[in-house]
Amino acid sequence: AKLAEQGVDVIFNPSASHFAFGKQEVRERFVLEGSRAFGVSYVYANLLGNEAGRIIYDGETMIASCGKMLALGERFRFEDFRITSAVLDIDASRMTRARTGSFKLDLEIDEDEFIKVPFNFPETQPESNTINEPVWERGAAGKEEEFTRAVALALFDYLRKSHSQGWVVSLSGGADSAACSVLCALALRLAAAQLGVDRLREKLAHIPAIADVDSAEAYTAKMLSCVYQSTRNSGDVTRNAASEVASAIGAEFMLFDVDEVVQDYIGILEQALDRKLTWENDDIALQNIQARARAPSVWMLANIRGALLLSTSNRSEAAVGYATMDGDTSGGLSPIAGIDKAFLRQWLRWMETTGPEGQGPIPALAAVNQQQPTAELRPQSAGQTDEDDLMPYPVLDAIEGCAIRDKQTPVEVFRTLRPALGQYSQQQLADWVERFFRLWCRNQWKRERYAPSFHVDDKNLDPKTWCRCPILSGGFDRELSELREYVANRPD
C-alpha cells in the first residue's frame with residue numbers, strides 16, 4: 001500500500017515462503033489481487049530447495065499485471081535457480097490507475113498506525129495466463145504430485161548439502177520404508193530428467209562412485225541401498241514385497257538375518273534375570289529388541305558407505321509413540337515424519353497405478369499396498385496389525401487434527417468427530433480419543449528425539465520448531481474424566 005501510494009509501476013517481492021500443501025493458491029491470489037487492486041505489475045520470486053534441513057521452498061515465480069497473470073514458473077526444479085520472464089506494459093498499467101483513480105488511494109490509518117485499505121474480492125476470477133505451468137499443477141492428484149516433488153527435492157538437497165554419498169533404508173516390505181525408498185529413487189529420476197545426466201553428475205560431484213554413470217537407473221543402483229532384516233517373526237510376504245520394490249526402483253538390495261542377534265540378547269537377559277522371557281509377561285520388550293537389533297547393522301552399512309541412514313517413521317506413529325526408539329527411529333533424517341499414515345497409504349496406491357507426471361507408476365508397490373500395515377514383531381500366529389494395536393489410521397489422523405492442530409479438549413474432539421464417524425459406536429470412539437490423548441502425553445520424549453523431518457504442511461509435530469509440549473504432564477486426567485462422564489450420560 002505504501003509503494004502504491006507513491007505511484008510505483010512495479011512491485012518486487014523476493015520471498016522466503018516455506019512450502020505447505022495448497023499454499024501456492026494463496027500466494028497466487030495474493031499476487032493477482034495485489035496487482036489488480038493497485039493497478040501495478042507484481043513480480044514474485046520464492047526461495048528454491050532445501051535451504052536449512054527441515055523447511056522446503058518450492059521456487060515459485062509469478063509475474064502479474066493489473067489482475068492478469070503473465071507468467072508462472074514451474075515449481076520444485078532441481079536447478080540452482082530458475083528464470084521466469086514476461087514483458088510488462090507500464091503505460092497500460094498507468095492508464096488503468098488513471099482510469100480507476102487508484103493512484104490517489106484514500107488510505108485510513110487506525111490507532112495502531114496500520115494502514116487500512118478498502119478492498120473487496122471481485123465476483124469473478126481475474127483472467128489468468130499460466131505460461132509454462134505443468135499439467136500436474138492443476139490436476140486431480142495435486143497433493144500427491146506436490147508431496148512427491150517437494151520431498152524428492154528436499155532429499156536431493158539434503159544429500160548434497162550434507163555431503164552424503166547416498167541413502168540407506170531398512171526396507172521392511174511395509175508402507176513407510178517403501179515410501180522412503182521410492183522417494184529417494186524419484187529424487188534421482190526427477191533430477192536426471194530436469195538436469196540431464198551430465199549436469200546431475202556435476203551437482204553430485206562429491207560422490208566418487210557415480211563418476212562413470214550414464215543413466216538415472218545407474219545413479220539409483222550406486223546411491224540407494226535397501227536392506228531387509230529378518231527375524232523368526234518375519235514372513236515371506238514382506239520379504240518378497242521388499243525385494244520387488246527394490247528391484248522396481250533399481251536399488252541395491254541386501255538380506256540381513258538378525259534373528260541370532262535377537263536371541264543372543266534374549267539369552268543374556270534370561271540368564272541375568274534367571275527366568276524365561278515370554279510373550280505373556282514380556283511382550284513389549286520382546287517386540288522392541290527385534291527393532292533395536294536391526295539398527296546397528298544398517299548404521300554400520302551407512303558408515304561404511306558414507307551414506308545417510310533414513311528413519312522411516314511417519315507422523316501418525318510419532319503422535320502416539322508407535323515406534324521403537326533406537327530401532328525404527330534410528331537415522332540421521334526422517335523424511336516422512338511430517339506426513340500422516342492415511343495419506344501415505346493413499347500416495348502409495350497412486351504411485352502403484354499412476355505416479356507423477358513424466359515418471360509413471362511403480363506397479364511393484366501392489367505387493368506393499370495389498371498388506372495390512374504391521375510391525376511384524378510378534379509371532380505370525382498373533383496376526384499383528386498396526387490398526388489393531390492402535391486404531392484405524394484415518395480415525396487417528398482425524399483425532400490428531402482436532403486435538404493438536406485445533407487445540408480441542410477430549411470432549412470437544414469427541415463432539416466434533418462423532419457425526420463424521422457414526423459407523424463406530426460412541427463408546428468405541430471415546431475409547432480411541434482417550435487412547436490418543438494418553439499416548440500423546442506419554443510419548444513426547446520420543447518426539448524430542450526424532451531425527452530432523454521435512455515440513456510439508458502447517459500442522460507438523462516437530463517440538464523443536466512448532467509443536468512444543470511438556471515431556472511430563474498430568475496426562476489430561478481431568479479432561480478424560482469429563483469425556484467418560486459425557487459419554488456415560490449421553491444416549492448412543
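Q: In which sense do strand β9 and strand β10 pair, and over how many bridges?
A: Start with the general idea. Strands of a sheet pair through backbone hydrogen bonds, either parallel or antiparallel. Now the case here, in a predicted model. Strand β9 covers residues 167–170 and strand β10 covers residues 224–230. The two pair in the parallel sense, over four bridges.

Q: What is the order of the open sheet with mixed pairing?
A: That sheet has four strands, ordered β1-β2-β5-β6. Its edges are β1 (10–15) and β6 (68–72). Each has a single partner strand, so one side of each is left without a neighbour in the sheet. Ignoring direction, neighbouring strands are turned by 15° against each other on average.

Q: Which pairs in this sheet are parallel or antiparallel?
A: Take two pairs. Strand β2 (residues 41–46) runs parallel to β1, and six bridges join them. There, I11 has Y42 of β2 as its bridge partner. Strand β5 (residues 61–65) pairs with β6 in the antiparallel sense, over four bridges. In that pair, M62 stands opposite L72 of β6.

Q: Which side chains of β1 are buried?
A: The general idea comes first. In a regular strand the side chains alternate between the two faces of the sheet. In β1, I11, N13 and S15 point to one face and are buried.

Q: At what angle do helix α5 and helix α8 pack?
A: To read a helix pair, take the angle and the distance between the axes. Helix α5 (residues 175–195) and helix α8 (residues 236–249) pack at an angle of about 5°, and their axes are 10 Å apart. That makes α5 roughly parallel to α8, because angles under 35 degrees count as roughly parallel.

Q: Which residues make the contact of α5 with α8?
A: From α5 come S181, V182, A185 and R189. From α8 come V245, A248 and I249. By type, the contact has five nonpolar residues, one polar and one charged.

Q: How many helices and strands does the whole chain have?
A: Step back now. The chain has 20 helices and twelve strands. Along its principal axes, the C-alpha trace spans about 90 × 70 × 35 Å.

Q: What share of the residues count as buried?
A: Of the 492 residues, 54% do. The chain exposes about 22800 Å², and carbon and sulfur atoms supply 51% of that area.

Q: What share of the contacts with a separation of 6 or more comes from residues 24 or more positions apart?
A: Such residues account for 72% of those contacts in the chain.

Conventions. Residues are numbered from 1 along each chain as its sequence is written. This is a predicted model: local features need pLDDT of at least 70, side-chain atom pairs count only at pLDDT 80 or more; totals for chains, interfaces and linings use all residues. Side-chain values use heavy atoms; hydrogens and water are left out. Two strands pair if DSSP finds at least two bridges between them. Axes are lines fitted to C-alpha atoms, for helices over the stretch in contact, and angles run from 0 to 180 degrees between N-to-C directions. Angles under 35 degrees count as roughly parallel, over 145 as roughly antiparallel, 65 to 115 as roughly perpendicular and the rest as oblique. Contact means heavy atoms within 4.5 Å. Ala, Val, Leu, Ile, Met, Phe, Trp, Tyr, Cys and Pro count as nonpolar, Asp, Glu, Lys and Arg as charged, and the others, Gly among them, as polar. Buried means under 20% relative accessible area, exposed over 50%, partly exposed in between (1.4 Å probe, protein chains only). Accessible areas come from the Shrake-Rupley method with a 1.4 Å probe; for residues, only the protein chains shown count as cover.
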